[in-house]
Amino acid sequence: MIYHPSAMAVAVFAAFVLFTLGLSFHLGRRAMSAQGYFAAGGDIHWFVNGVAFAGDYLSAASFLGICGMIAFYGYDGFLYSVGYLAGWIVALFVIAEPLKRMGRYTFADALDSRFNSRGIKLAAAVSTLVVSLFYLIPQMVGAGALVQPLLGFPHWVGVVLVGAVVIAIVVSAGMVSTSWVQFLKGLLLVVFSTVLTVLILMRGFTAVPLEQRGPYGVTSDPAQWSARDFSFADATLLPEEGDWKRTSWLRVREDGSGRVTVWRVVPGEASVRLLRCQTLALRGGQRIVNGSPQSASNDFSPVGTLERLPDGRAATGALGPLSFLSTLEGSTVVLWRQEAVRDSDGATTVFYPRLTLGTEVLLPGNQPAFKGIRSQNPFDKLNFLSLMLALFCGTASLPHILIRYYTVRDQAAARKSTVVGIACIGFFYVLTLYMGLGAMTSGAIDVTDENMAAPLLARSISEPLFAIISALAFTTVLGTVAGLIVAASGAVAHDLLGMWLGIAPGDAAVVRVGKIAAVMVGVVAIVLGILFRGMNVSFLVGWAFSIAASANLPALVMVLFWKGATKRGVTASIVTGMVSSLAWILLSGDTYSKVYGWPAQDALVPFSQPGIVTIPLAFAVLVVVSLLTRAKASGG
Amino acid sequence: MIGSPGDAASSRARVGFVLFAVYLVVYATFVGLCAFDWTAMGGFRLGGVNLAVLYGFGLIALALILALLYDRLCRAIDLRIPAAGTRDEEAS
């Protein structure tokens, strides 16, 4: 869709950016030492740290990705919410206190606290960089997706803008400014998501008829109807050719305008009707939408409606939190799917409406990545099980989350801030279901872009709310990216260069190196954010969780709780977890189809999510190598 | 009986493991139901809402309840050892 920039959104976002930059430069003098720069001096209050946890964790994936996935596929997006939140249980009950006790600046400190091993430091630092970069990609993609409606600039401008602002925030005051930016972001995100949810409930649902031809009374089995059964007074049917032969779509040339439109054949019990589809094709570098060049007057129609409410009502009025869900379950929802069609003119993407019962929308298994849930073959379910395992284990392994345990005074503060974080994050994830379903039925969704569902939902309610939510989504990216860049720069400056260049951990030189590293990581993130444009941000974050859970969690848990762990065992576990999960992802069907553009069935691994294989593998490698190297040491 | 900050840390860790195990069982059941009996998630209803949504909300609520319980139990342990949970313990 073509978006028109909102001056109010620009003003709100500019105000937030100026405020955060001013705050960052003001706090700069508190970040002169390594302790100040990388850990905010350990002086952040536990409540502020807890809300900052939410600001750190509730990334573009949570806000844009989950809302978008729920808006397009229903309950499956909420599975991410449940999995992301469950991961905090591991963080609180298993990791928080011992990590705080054993580390100083980075999670490599805790891993290496018993060993003083260069191998562990190196492996943990590389792992931190890899996970941070994989997590940075979806944040930057989200930034690019937002800048179009917000400022009217191209995707790459949004990526560069976010990258530049975050680099300035991190370089000026490191973890001090990052903490306060994340606190503000977390607070605003929860507050305005609550406001948005209340407005969704107050609006309720309205039934909207679809653009259609028919219904046509049947003279034979409706399911067998094809192009030869139709004739129109105002349009001419085009001949079936190429992939069009095997589809249940008709192409029609309208007599008046000459435009070619596409219609989906939907058989009923005693009739057949045609529902209007939307198409996108690239011809000679030009985007052709619904048969004509894309322009302000010829653009995609916004989608996302209920076709039928329970009892045939036209509208519900305000609903409560439970009646909202039960009403949706009793309705017929119009979800949109897409499919590529090839003919002699080239490829065309057809976006077609799919009438779906509300009961199905609120069950798992609609999203393509989750389709194995509904398969009769138990092997097909491994992808889903693997993802849910990675989400459960991944949170407590994310470097930018782990370093936040060093910004508070003691273990009690680490524990209490995690409880506050769980409260904020859990509440937000409950809201995601309402925001996603609200977007699904808002009549405002861009059929070509899942990530825009939440801001467009806000626009369907009011322009000022759209301005605030868009600006907030942009700042969502700022807060998370800042945390990731601090974590990555800490790994480079403290763990890698500090070790190899012999810089003392508390040395001011570490801070200088950290700032240079922050700039470099920020630039890399900008480039990747431009290259990965168009991918669902929640899907990409799933990769980061899998790598983090495979590379970091086994090593962390075993170092904290198994006295038999050796430095070689820990190093081998990190390397094995990281390399195996990364290799699995790069050889998976999802990456084949969505990144390389190759057929998914040619992939070399049987399912896309690696966690169910690579997490146990990393545990096993740690135990085996530790037993072998300990026995060797004892014997030698 | 808790006699030192180190003992307090061990006690807190034990409490954490027990609560972790409780949540793990509930979470694993949820994931198992979704994977192997997804139609059951639409079967049971309460207040017009299906089991899939109720269970999802329940898992989020349970996480907060267990987190609050853990904090309360840890504070009770800390009260028995005044130095527990502070920087003094880190130094020990």
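This is a predicted model: local features need pLDDT of at least 70, side-chain atom pairs count only at pLDDT 80 or more; totals for chains, interfaces and linings use all residues.
Student: In β8(A), which residue is the bridge partner of Ile288(A)?

Tutor: Residues are numbered from 1 along each chain as its sequence is written, and chains are lettered from A and ligands numbered from 1 in the order in which they are written. β7(A) and strand β8 (residues 292-293) of chain A run antiparallel and are joined by 2 bridges; two strands pair if DSSP finds at least two bridges between them, and both helices (H or I, at least four residues) and strands (E, at least two) are DSSP runs numbered from the N terminus. In β8(A), the bridge partner of Ile288(A) is Pro293(A).

Student: Which residue in the turn between β6(A) and β7(A) has a positive phi?

Tutor: Strand β6 (residues 278-283) and strand β7 (residues 286-289) of chain A run antiparallel and share 4 bridges, with Leu280(A) standing opposite Val289(A). The two strands form a hairpin with 2 residues between them. The turn residue with a positive phi, about 60 degrees, is Gly284(A).

Student: Why is one side of β8 and of β9 of chain A left without a neighbour in the sheet?

Tutor: The open sheet has 6 strands with antiparallel pairing, in the order β8-β7-β6-β11-β10-β9 (chain A). β8 and β9 (305-308) of chain A stand at the edges, so one side of each lacks a neighbour, as each has a single partner strand.

Student: How many bridges join β10(A) to β11(A)?

Tutor: Strand β11 (residues 346-357) of chain A is joined to β6(A) by 4 bridges, where Leu280(A) has Thr349(A) as its partner. Strand β10 (residues 332-343) of chain A pairs with β9(A) over 3 bridges. β10(A) and β11(A) form a hairpin with 2 residues between them, and Gln338(A) has Phe351(A) as its bridge partner. The number of bridges that join these antiparallel strands, β10(A) and β11(A), is 12.

Student: How many salt bridges are there between chain A and chain B?

Tutor: Contact means heavy atoms within 4.5 Å, and 45 residues of chain A are in contact with 43 residues of chain B. A salt bridge is a side-chain nitrogen of Lys or Arg within 4 Å of a carboxyl oxygen of Asp or Glu. One example joins Arg45(B) and Glu329(A), at 2.3 Å from N to O. Between chain A and chain B, the count of salt bridges is 4.

Student: Which three residues supply 16% of the area that chain A buries against chain B?

Tutor: Buried area is the accessible area (1.4 Å probe) that two parts lose on being put together, summed over both. Between chain A and chain B it is about 4,000 Å², with 73% given by carbon and sulfur atoms. The three residues of chain A that supply 16%, more than any other three, are Phe93(A), Phe392(A) and Arg415(A).

Student: Is Arg213(A) buried or exposed?

Tutor: The side chains of Arg213(A) and Asp234(A) meet in a salt bridge at 3.1 Å, N to O. Arg213(A) lies in strand β1 of chain A and Asp234(A) in the loop between β1 (212-217) and β2 (235-237), so the pair ties together parts that are 21 residues apart in sequence. Buried means under 20% relative accessible area, exposed over 50%, and partly exposed in between (1.4 Å probe, protein chains only); Asp234(A) is partly exposed at 43%. With a relative accessible area of 14%, Arg213(A) is buried.

Student: What percentage of the residues of chain B count as buried?

Tutor: Chain B has 3 helices and 2 strands, and its elements run α-β-β-α-α from the N terminus on. Of its 92 residues, the share that count as buried is 41%.

Key. Side-chain values use heavy atoms; hydrogens and water are left out.
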